[in-house]
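Morning, everyone. Please have a look at the model on the screen before I start.

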Amino acid sequence: MNWVELDIFTTTEGIEAVTGSLLGMGINGFVIKDAQDFEEFLSDKSVNWDYIDDDLMGLKNCETTVTVYLPENAQGLENLEAMKLELKALKKRDTENLFGRLEYELKNVKEEDWANNWKQYFKPLCVGEKLLIKPSWEKADPDEKRKILEIDPASSFGTGQHNTTQLCLELVEKNLSSGDRILDLGCGSGILSIGALLLGAASATAVDIDENSVKIAKENAEKNNIPADKYTAYCGNIIEDDELKNRIGTGYDLLCANIVADVLIGMSGSFAGFINDGGTLIVSGIIDSRKDEVLDVIKAQGFELQEIREKEDWVAASFRK
């Protein structure tokens, strides 16, 4: 497998925030280069240095960098898109500019080339018992009995290849009733809400903090012949925007949120206000090491845990309000 080296530029103060975001995405391996560490290394009076290489001396003036390696495939691209949203969220939180520029650079591949070549990694995929996910350029068998969910994610998270998306769709299929109203928070490509409509939901509302994701979700709804009056998409942050929460409204039968642990925790106080009594909450995007933390926070909001599903260190769960 080929790997893409990616540098994230921050500061000593920003290391914990950046690596915490990466851990929340399931990226556990990274390399940190920090000038402050090297200054401490040089000032260690217990060691006598006869000679220090010029390259090492240069580290004392380096920009603090967190380096990660992403697989050069569809899942790596999804991780890149998720990371870009995380950096955007960190920048917004960093009102005192303590975390540096929070920009990234790809070392051994051009992002546009990777984005243009990602199609080779996206093949039709069966999820659950009823859905076949496929990109528009792939043909489905004319005798295919499954509902065909056609997704072109472009630069938005959600091809169905990632374990978190598959787990979430499986739980949507299990818990959905015909005629349900769906709310999809952190919609990405729209795959969860569009899948729910194909499985029998009456209408869906999709929300994402990224304007491009909202645009792509609407386009994917059209590709799947979803009538415009059945699919509403908003851009914004429900944690901070009460006006947006009012526009989204209440009375949903099923809410799905496939994001990351910290955002799920931040949103948890809002979930109950969107869902009917007896309705279903489905959360995913949780790395196994943070499972108990996230599920306990949601249970504390008055939700009853129904089911946990796990796949390769990723966790999804369904709750009843």
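Predicted model: local features only at pLDDT ≥ 70, side-chain atom pairs only at ≥ 80, totals over all residues.

Residues are numbered from 1 along each chain as its sequence is written, and side-chain values use heavy atoms, with hydrogens and water left out.

Overall numbers. The protein has 11 helices and 14 strands. These are DSSP runs, helices being H or I with at least four residues and strands E with at least two, numbered from the N terminus. Of its 321 residues, 50% count as buried. Buried means under 20% relative accessible area, exposed over 50%, and partly exposed in between, with a 1.4 Å probe and protein chains only. Contacts are heavy atoms within 4.5 Å. Among those between residues at least 6 apart in sequence, 68% join residues at least 24 apart.

Now the cores. A nonpolar core is a set of buried Ala, Val, Leu, Ile, Met, Phe, Trp, Tyr and Cys residues joined through side-chain atoms within 4.5 Å. The largest has 35 residues, and L149, I194 and Y231 touch the most other members. Helix α7, residues 191-198, gives the most to this core: six residues. A second, separate core has 26 residues, including L244, L255, F274 and V283.

Back to Y231. Leaving aside neighbours within four places in sequence, Y231 contacts residues including S193, I194 and L197.

Next, helix α11, residues 291-299. Which of its residues are buried? K291, V294, L295 and I298. They sit on the same side of α11, because they cover an arc of only 95° around the axis. That arc is taken from the directions from the helix axis to the C-beta atoms. The general rule: an α-helix has 3.6 residues a turn, so residues three or four places apart point the same way. The cover over the buried residues of α11 includes α10, β12, β13 and β14.

Now a loop. G179 lies between α6 and β8. G179 counts as partly exposed, because its relative accessibility is 41%. A202 is 23 residues away in sequence, yet the C-alpha atoms of G179 and A202 are 4.3 Å apart. Beyond four places in sequence, G179 touches G200, A201, A202 and D253.

W3 lies in β1, residues 3-9. Its relative accessible area is 44%, so W3 is partly exposed.

That's it from me.
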